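Here is a short briefing on one protein model. Have the sequence and the structure open as you read.

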Amino acid sequence: MGDQISPRWLHLILAFAILIALSPTPIPEPVVGSLRSANSALDAGRLDEALGLIDEAMAFDHAFEGLYLDAAEIALAANEPLRALNYLNRGPSPASENMIEGCLRSRAFLAMGSLEQANSAWRDAGGSCTNPVPFLYTMAQTYLEQDDPTNARASFEELLSFEPLHEEALHSYAVITSSSDPEDALPHLYQSDALSPGTKPLTRALIQAIESAIELDDPSYTLAQVGQTFARHGEWQMATWAFQNALTLNPEYIEARAYLGLALDRSGRDGLQHLMNAIEVASDAALPRIFLAMHWQELGKPEIALQQLDIASRLEPTNPAVNAELGSVYAALGDTRSAIAAYRQATDLSPQDPRFWKLLAQFSLINEIEVATLGLPAARNALALDPSDPTNLDALGYAHFLLGNFRLSERLLWRALMLAPTRADIQYHIGLLRYAQGEEQRARAAFSMAILLDPGGPIGQLADRILSNIRP
């Protein structure tokens, strides 16, 4: 947040107030005592207590009404924006007459998520707020959370006018611009990639997708390729923006509409209407039916999903994605043999695609079915085809763990952890290995990390269940 107050400045505020209280002008001792106690509370980090004592001082003597601004500053530091606004509203001067007050108001409104009011107060302050970069960054991030890419992009652009090489802002501005104006985004993507070469795979992937697509001179196709790139990197919110913009240019773009339905589902919204529309317009296309099956599968209705996949498999019998999704549906229905057959068929249809080998391996390992003859070879194939994917390392490491080869398992899981330390499943498998090795303290640490990374999720729940049994 912009204009953040430092602990030292908090103390200087009250130190100055105490000097006034101790001046030759007679000030009641209770006021002095309140300010001294407030200073001590600030020193100990008890901001709420300090504010209460400042309230006492201001209520006791009107000479200290000037502390309203300082109290608002402290309230913001205590993450109490509504209290900060109350101080500002009680102050002697309106925001239009006090630029500092306008800056404080903008911060308070922003902390409350009131973006329009925050922006208005920010403009009213007339650019007088010190260090605007943190404020603008928080403003942009809040716009993103509210699914407003236009204003988020404008906020990042304004931030970059103050700090052109702000790495995170430049990256965000570039990728947001990609979702609406891919060609305009290219120079910013190049610059972002140059600032931190190789550290942001999404940036490089977007550059490659845009450069390849613009050769066809079809803006809707370019946007759809950008959307698929976002989808492959799990950026589903941004994917929805790109597919929506592609459909604005070409409302008959069936693939874009199907992908929009998928992206809406994956970003926590409902893509059913777009999926149904895509099927209605192109009933002989398999892709919308695959995504519709995924929709029903995620809603816990595998029987309906299976109906769509049966149609999709007849439409495109050699599409490995259909078989991979069939494997998931059969697994949900408890039909293990059919699930294995479907996953195997996917690998047969696309033997050079590591994703299908990984799905086959994970099904075998999670269910501990044919680990030596099915899970282990599938995991090896996945890793051989894509050695940079930490989930492939994790799958092979976990396969060796299940087979009792702890030394090799540890080496593979450790490599996976170095590549992706924030993946709950890898932490969980590390915990299982440490526990099996008798290293209970290290096992507890790994399980605790898995819980933190997946709170309430399936991995987090498994880790919590085991952790409750091994706590000292």
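A pocket here is an open set of grid points where a 1.4 Å probe fits, with protein on both sides within 12 Å along at least five of seven lines; its lining residues have an atom within 4 Å of a point. The model is predicted. The protein has 27 helices and zero strands. Topics follow, starting with the pocket.

**Largest pocket**

- The largest pocket holds about 2000 Å³ of space.
- Its lining counts 44 residues.
- Which residues lie nearest the centre of the largest pocket? They are R266, R355, K358, L359 and Q362.
- By class, 24 lining residues are nonpolar, nine are polar and eleven are charged.
- Helices α13 (219–232), α15 (254–266), α17 (286–298) and α19 (320–332) are among those that each give at least two residues to this lining.
- Helices α21 (354–367), α23 (390–402), α25 (424–436) and α27 (458–470) also each give at least two.
- Helix α21 supplies the largest share of the lining, nine residues.

**Nonpolar cores**

- The largest nonpolar core contains 79 residues.
- L189, F230, F243 and F291 have the most contacts inside this core.
- Beyond its neighbours within four places in sequence, L189 is in contact with A174, V175, S178, T203, L206, I207 and I210.
- Another core lies apart from the largest one and has 39 residues.
- L376, A382, L393 and I430 are among the residues of that other core.

**Whole protein**

- The protein has 472 residues, and 49% of them count as buried.
- Take the contacts between residues at least 6 apart in sequence: 49% of these join residues at least 24 apart.
- The exposed surface comes to about 22700 Å².
- Carbon and sulfur atoms supply 52% of that surface.

- A242 sits in helix α14 (residues 236–249).
- Is A242 buried or exposed? A242 is buried, because its relative accessible area is 0% and the cut-off for buried is under 20%.
- Leaving out residues up to four places away in sequence, A242 touches S179, L223, V226, G227 and F230.
- One of these partners, F230, is also among the residues with the most contacts inside the largest nonpolar core.
- A242 and A256 are 14 residues apart in sequence, and their C-alpha atoms are 9.0 Å apart in space.
- D193 belongs to helix α11 (residues 182–195).
- D193 has 15% relative accessibility, so D193 counts as buried.
- Not counting residues up to four places away in sequence, D193 touches G198, T203, R204 and I207.
- T203 and I207 are also among the contacts of L189.

**Two loop residues with positive phi**

- D217 is not a glycine, yet D217 has a positive phi of about 55°.
- D217 lies in the loop between α12 (201–213) and α13.
- Why does D217 count as exposed? D217 counts as exposed because its relative accessibility is 68%, and the cut-off for exposed is over 50%.
- E368 also has a positive phi of about 55° and is not a glycine.
- The place of E368 is the loop between α21 and α22 (371–385).
- E368 has a relative accessible area of 53%, so E368 is exposed.
- Helix α21, at one end of the E368 loop, is the helix that supplies nine residues of the pocket lining.

Key:
Residues are numbered from 1 along each chain as its sequence is written. This is a predicted model: local features need pLDDT of at least 70, side-chain atom pairs count only at pLDDT 80 or more; totals for chains, interfaces and linings use all residues. Side-chain values use heavy atoms; hydrogens and water are left out. A nonpolar core is a set of buried Ala, Val, Leu, Ile, Met, Phe, Trp, Tyr and Cys residues joined through side-chain atoms within 4.5 Å. Buried means under 20% relative accessible area, exposed over 50%, partly exposed in between (1.4 Å probe, protein chains only). Contact means heavy atoms within 4.5 Å. On a 1 Å grid over the protein atoms alone, a cavity is a set of points where a 1.4 Å probe fits but cannot get out, and a pocket is an open set with protein on both sides within 12 Å along at least five of seven lines; lining residues have an atom within 4 Å of a point. Grid points are joined across faces, edges and corners, and a volume is the space filled by probe spheres set on the points. Helices (H or I, at least four residues) and strands (E, at least two) are DSSP runs, numbered from the N terminus. Ala, Val, Leu, Ile, Met, Phe, Trp, Tyr, Cys and Pro count as nonpolar, Asp, Glu, Lys and Arg as charged, and the others, Gly among them, as polar. Accessible areas come from the Shrake-Rupley method with a 1.4 Å probe; for residues, only the protein chains shown count as cover.
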